[in-house]
Amino acid sequence: MKKLVTFIFSLLLTSVYSVAAHAQDTIAIVISTLNNPFFVSMKDGAEAKAKELGYKLIVLDSQNDPSKELSNVEDLTVRGVKAILINPTDSDAVANAIRMANRANIPVITLDRGASRGKVVSHIASDNVAGGKMAGDFIVSKLGDNAKVIQLEGIAGTSAARERGEGFMQAVKASHMDLLASQPADFDRTKGLNVMENLLEAYPNVQAVFAQNDEMALGALRAVQASGKKVLIVGFDGTKDGIAAVERGKLAATIAQQPKLIGALGVETADKVLKGESVAKNIPVPLKVISK
């Protein structure tokens, strides 16, 4: 009887230990919005790598709302996750969420978009400045200097929009392109369509458009098709829809990121941090121009 009691007690201890160990293996990814194929791919990459490395991954959607983002991180601190991967809704607004994680001693890794404040262990992203310049250089290679161009900007306040715009402006200045207009369409396909419709009326002589993501590029494409004009359109991200449009000859090019790789590297980096290994402050992910 004594041996049986000891055996049962041992099983209970093992069960308790397993639950504790499982809790230690939980990390989270907070995505700015899952209403965008690029970020869905990022999530997929993180999920696949988490499964490979034996982690439980919690996925939360901030729905492009900084207050929802803050609430998500607050929830995670209560749930006791061991690391947080975050794709910020806004590089400034995310600071409060990061500081909350900092106070809870939970390491934070930013993905695609950086954070202006708060302690971040590592930032994993493509070189958005280089990508913006690649887009501008591609337009010049097709239309020459002095081309008349329009830029569709992403969400104001995000590092991605700021840096892609910075790189594109480098190309504009170097080639003396004529920038007719630069307006935000918030990385959204429908807004890209609506903004582009208005810009086509205001600037009927436009020759090219640089959209800071593929969603806006695809929206702009619909506006251009409806107008019957011939306008060269370059997107950014290399999403499935964007690449398909390039292959069909609808978009001239997309500056391809690797969102699945960004998500996977986020989990790999969290794994290293939790094992006490050192990680790079900035981890770049290669870009490439995809054109037909």
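Visitor: Leaving aside its neighbours within four places in sequence, which residues is asparagine 146 in contact with?

Guide: The model is predicted: local features need pLDDT of at least 70, side-chain atom pairs count only at pLDDT 80 or more, and totals for chains, interfaces and linings use all residues. Residues are numbered from 1 along each chain as its sequence is written, and side-chain values use heavy atoms, with hydrogens and water left out. Contact means heavy atoms within 4.5 Å. On that basis, and with neighbours within four places in sequence left aside, the contacts of asparagine 146 are Ser175, His176, Met177, Asp178 and Gln207.

Visitor: Where is asparagine 146 placed?

Guide: Helices (H or I, at least four residues) and strands (E, at least two) are DSSP runs, numbered from the N terminus. Asparagine 146 has its place in the loop between H5 and E6.

Visitor: What distance separates the C-alpha atoms of asparagine 146 and glutamate 197?

Guide: Along the chain, asparagine 146 and glutamate 197 are 51 residues apart.

Visitor: At roughly what angle do the axes of H5 and H6 cross?

Guide: Axes are lines fitted to C-alpha atoms, for helices over the stretch in contact, and angles run from 0 to 180 degrees between N-to-C directions. The axes of H5 and H6 come within 6 Å. They cross at roughly 40°.

Visitor: How many nonpolar, polar and charged residues are in the contact of H5 with H6?

Guide: The residues of H5 that make the contact include Val129, Lys133 and Ile139, and those of H6 include Glu163, Phe168 and Ala171. Ala, Val, Leu, Ile, Met, Phe, Trp, Tyr, Cys and Pro count as nonpolar, Asp, Glu, Lys and Arg as charged, and the others, Gly among them, as polar. By class, the contact of H5 with H6 has six nonpolar, six polar and five charged residues.

Visitor: In E2, which residue is the bridge partner of isoleucine 31?

Guide: Strand E1 (residues 26-31) and strand E2 (residues 56-61) run parallel and are joined by six bridges. The partner of isoleucine 31 in E2 is aspartate 61.

Visitor: Are H2 and H10 roughly parallel or oblique to each other?

Guide: The axes of helix H2 (residues 37-53) and helix H10 (residues 259-274) come within 6 Å and cross at roughly 40°. Angles under 35 degrees count as roughly parallel, over 145 as roughly antiparallel, 65 to 115 as roughly perpendicular and the rest as oblique. H2 and H10 are therefore oblique.

Visitor: How is H3 oriented to H4: roughly parallel or oblique?

Guide: The axes of helix H3 (residues 66-79) and helix H4 (residues 94-103) come within 9 Å and cross at roughly 5°. The helices H3 and H4 are therefore roughly parallel.

Visitor: Which residues of H4 make the contact with H3?

Guide: From H3, the contact takes in Glu69, Leu70, Val73, Glu74 and Thr77. By class, the contact of H3 with H4 has six nonpolar, two polar and two charged residues. On the H4 side, the residues are Val94, Asn96, Ala97, Met100 and Ala101.

Definitions and conventions
Two strands pair if DSSP finds at least two bridges between them.
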